[in-house]
Amino acid sequence: MMNVLIDTNKLSKYYGKGEIKAVDNLDLRVYEGETFGLLGPNGAGKTTTVNLLNCIIKPTSGTASVNGCDILTKDMEVKRATGLLAESPGLYEKLSAYEFLEFMGGLYDVPGDILPERIDNLLKLFGLHDRRDYLLEGYSRGMKQKILLAAALIHDPPILFLDEPTAGMNPEELVQMMQIIRQVHKEFGVAIFLIEHRMKVVMELCERIQTLVFGEVIAEGTP
């Protein structure tokens with residue numbers, strides 16, 4: 001039996017006086033080592049779900065556990081157990097790729113004796129080692145996504161959240177990113193929580209899928 005890494009119980013997030021239901025009584029489970037997909041149109045509540053599970057916002061009602069930690073009482077432990085490639089990530093473009101990963105590693109208290117090797121390994125994995133000293137402002141969108149994904153893995157989390165990782169990519173970059181996600185899943189063994197609009201990506205990468213519409217699950221199963 002695989003361990004449950006994410007377990008939600010009637011998780012809800014309402015806005016206003018409750019008339020806007022971004023997430024409504026959400027029940028889902030994500031297991032150790034699997035790739036789980038959350039589908040839905042714009043405004044369905046997908047990013048809200050990710051923000052709740054990463055303790056960026058608090059629920060209106062219900063709760064969830066992430067890596068065995070309650071999102072209401074152990075938010076710091078939750079954040080250390082997750083890596084997040086956000087929908088609109090921040091990137092310090094005046095830093096080089098190496099400097100940015102070094103900075104992110106420091107934020108997560110990655111020990112200094114292992115951080116340089118980990119950065120080198122991630123840069124090699126994403127094919128950017130020869131550009132490690134280039135400023136990020138000169139990187140293409142696809143290259144920036146790779147660095148942000150490397151940053152999400154810098155502290156070796158058991159759970160990786162990817163919020164629209166292929167958004168805005170051209171066909172070549174899309175194929176490369178899908179290959180990288182497969183490689184990350186294989187080499188790191190992380191559970192991947194994937195939010196996507198592209199059916200092709202979800203069909204090829206995910207083992208299980210839930211579909212949200214207006215904050216409610218309307219379908220669940222395998223691709």
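Predicted model: local features only at pLDDT ≥ 70, side-chain atom pairs only at ≥ 80, totals over all residues.

Me: How far apart are the N and O atoms for glutamate 220 and arginine 208?

Reply: Their side chains meet in a salt bridge with an N to O distance of 4.0 Å. This pair links distant parts of the chain, with glutamate 220 in strand β11 (residues 216–221) and arginine 208 in strand β10 (residues 208–213), 12 residues apart.

Me: Is glutamate 220 buried or exposed?

Reply: Glutamate 220 is exposed, as its relative accessible area is 55%. Arginine 208, by contrast, counts as buried at 19% relative accessibility, since the cut-off for buried is under 20%.

Me: How many salt bridges are there?

Reply: The count comes to 10 salt bridges. One of them joins the side chains of lysine 144 and glutamate 93, at 2.7 Å from N to O. Here too the pair links distant parts of the chain: lysine 144 belongs to helix α5, while glutamate 93 is in the loop between β7 and α3, 51 residues apart.

Me: And what about the accessibility of lysine 144?

Reply: Lysine 144 has 18% relative accessibility and therefore counts as buried. Glutamate 93 is partly exposed, with a relative accessible area of 31%.

Me: Which residue forms a salt bridge with glutamate 204?

Reply: That is lysine 200, and the closest N and O atoms are 2.8 Å apart. Both residues lie in helix α7, four residues apart, which is about one turn of the helix. Glutamate 204 counts as partly exposed at 40% relative accessibility, and lysine 200 is also partly exposed, at 46%.

Me: Let us change topic. Which residues touch the most other members of the largest nonpolar core?

Reply: They are Phe100, Phe126, Ile147, Leu160 and Val184, in a core of 44 residues. The elements that give two or more residues to this core are α3 (97–107), α4 (115–125), α5 (141–153), β8 (159–163), α6 (171–188), β9 (191–195) and α7 (199–205). Helix α5 gives the most, with eight residues.

Me: Why would such residues gather together?

Reply: In soluble globular proteins, nonpolar side chains tend to be buried together.

Me: What does leucine 160 touch?

Reply: Not counting residues up to four places away in sequence, leucine 160 touches Gly83, Leu149, Ala152, Leu153, Val184, Val190, Ala191, Ile192 and Phe193.

Me: Where is cysteine 55?

Reply: Cysteine 55 lies in the loop between α1 and β5 (61–66). Just after α1, this cysteine takes a positive phi of about 60°. Cysteine 55 counts as buried, at 11% relative accessibility. Leaving aside its neighbours within four places in sequence, cysteine 55 is in contact with Ile71, Asp75, Val78 and Lys79.

Me: What about helix α1, then: which of its residues are buried?

Reply: The buried residues in α1 are Lys46, Thr48, Thr49, Val50, Leu52 and Leu53. Six of the eight residues of this helix (residues 46–53) are buried, so α1 is largely enclosed by the rest of the structure.

Me: How does the lining of the largest pocket divide into nonpolar, polar and charged?

Reply: The lining of the largest pocket has 14 nonpolar residues, five polar and one charged.

Me: Finally, which residues line the second largest pocket?

Reply: The second largest pocket holds about 180 Å³ of space. Its lining consists of Ala86, Glu87, Pro89, Leu91, Arg141, Lys144, Gln145, Leu148, Asp163, Glu164 and Ala167. Helix α5 gives the most to this lining, with four residues. By type, the lining of the second largest pocket divides into five nonpolar, one polar and five charged residues.

Notes:
Residues numbered from 1 in each chain as written. Heavy atoms only, no water. Buried < 20%, exposed > 50% of the residue type's maximum accessible area, 1.4 Å probe, protein only. Core = buried A, V, L, I, M, F, W, Y, C linked by side-chain atoms within 4.5 Å. Contact = heavy atoms within 4.5 Å. Nonpolar A, V, L, I, M, F, W, Y, C, P; charged D, E, K, R; others polar. 1 Å grid on protein atoms, 1.4 Å probe; cavity = no way out; pocket = protein on both sides within 12 Å on 5 of 7 lines; lining within 4 Å. Points joined across faces, edges and corners; volume = space filled by probe spheres on them.
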